[in-house]
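Try each task before reading its solution.

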Amino acid sequence: MGLQLWETLKEEITAYTGLSPATFFTVVALLWAIYYVVTGLFGSSDDHHQRSRAFEEQMEPLPPPVHVGEISEKELKQYDGSDPKKPLLMAIKGQIYDVSQSRMFYGPGGPYALFAGKDASRALAKMSFEEQDLTGDISGLGPFELDALQDWEYKFMSKYVKVGTIKKTVAVTGGDNGNGEALGTTEGHAKPAEDGSSQNAVAGTDAEE
């Protein structure tokens, strides 16, 4: 049966093309080879260039982490990814880490972009994306939330480079001037007023006399 089909095919090839079966298949193979070479040289050159460029960008090494030292939370906001020339930074428990290698997660448009440029300790502990939780204040957290935060800190310590710390702000309150007298923030402004009122009182007494 198979031999009969082959004989029939050879007869059809000869009848329609005027070529022998061997010549016919040789021509077909040559045409296929020419088509493959031409499309490889011209047809896909743009696609090949784009793939090569994307691969090079993906393999391009990141610049070394820049240590920022001790900075304020306001200064940390400058590293939220909005400026592509600056590293992408994020803090946990006051420790700042360079997360530039995970820009797809913490950079603009990423699922955790709102954590970048902030100390997001409370939000990470609570697994929260609420604005009021984007803070380094972890007071009032429960043991499970503190354990979750500890896990996040270990992860960051093992994966990212620590580049600085957040400057702690200390509230200024009344103190001691060295003579046992309390100092107040408004003392310097209140004293002239007291002197002025006493002078007015003396002047009024003199006038009455």
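**Exercise 1.** How many salt bridges does the count come to?

*Solution.* This is a predicted model, and the count comes to three salt bridges. Start with Lys 93 and Glu 153, whose closest N and O atoms are 3.1 Å apart. This pair links distant parts of the chain: Lys 93 sits in the loop between strand 2 and strand 3, Glu 153 in helix 7, 60 residues apart. Next, Asp 133 forms a salt bridge with Arg 122 at 3.9 Å and another with Lys 126 at 3.4 Å.

**Exercise 2.** Leaving aside neighbours within four places in sequence, which residues is Val 99 in contact with?

*Solution.* Begin with the largest nonpolar core, which has 18 residues; Val 99 is one of those touching the most other members, including Met 90, Tyr 106 and Phe 156 in that group. Strand 2, helix 6 and helix 7 each supply at least two residues of this core. Beyond its sequence neighbours, Val 99 is in contact with Leu 88, Leu 89, Met 90, Tyr 106, Phe 156 and Tyr 160.

**Exercise 3.** Is Ser 100 buried or exposed?

*Solution.* Locate Ser 100 in the loop between strand 3 and helix 5. Its relative accessibility is 13%, so Ser 100 counts as buried. Leaving aside neighbours within four places in sequence, Ser 100 is in contact with Leu 62, Pro 87 and Leu 88.

Methods
Residues are numbered from 1 along each chain as its sequence is written. This is a predicted model: local features need pLDDT of at least 70, side-chain atom pairs count only at pLDDT 80 or more; totals for chains, interfaces and linings use all residues. Side-chain values use heavy atoms; hydrogens and water are left out. A nonpolar core is a set of buried Ala, Val, Leu, Ile, Met, Phe, Trp, Tyr and Cys residues joined through side-chain atoms within 4.5 Å. Buried means under 20% relative accessible area, exposed over 50%, partly exposed in between (1.4 Å probe, protein chains only). Helices (H or I, at least four residues) and strands (E, at least two) are DSSP runs, numbered from the N terminus. Contact means heavy atoms within 4.5 Å. A salt bridge is a side-chain nitrogen of Lys or Arg within 4 Å of a carboxyl oxygen of Asp or Glu.
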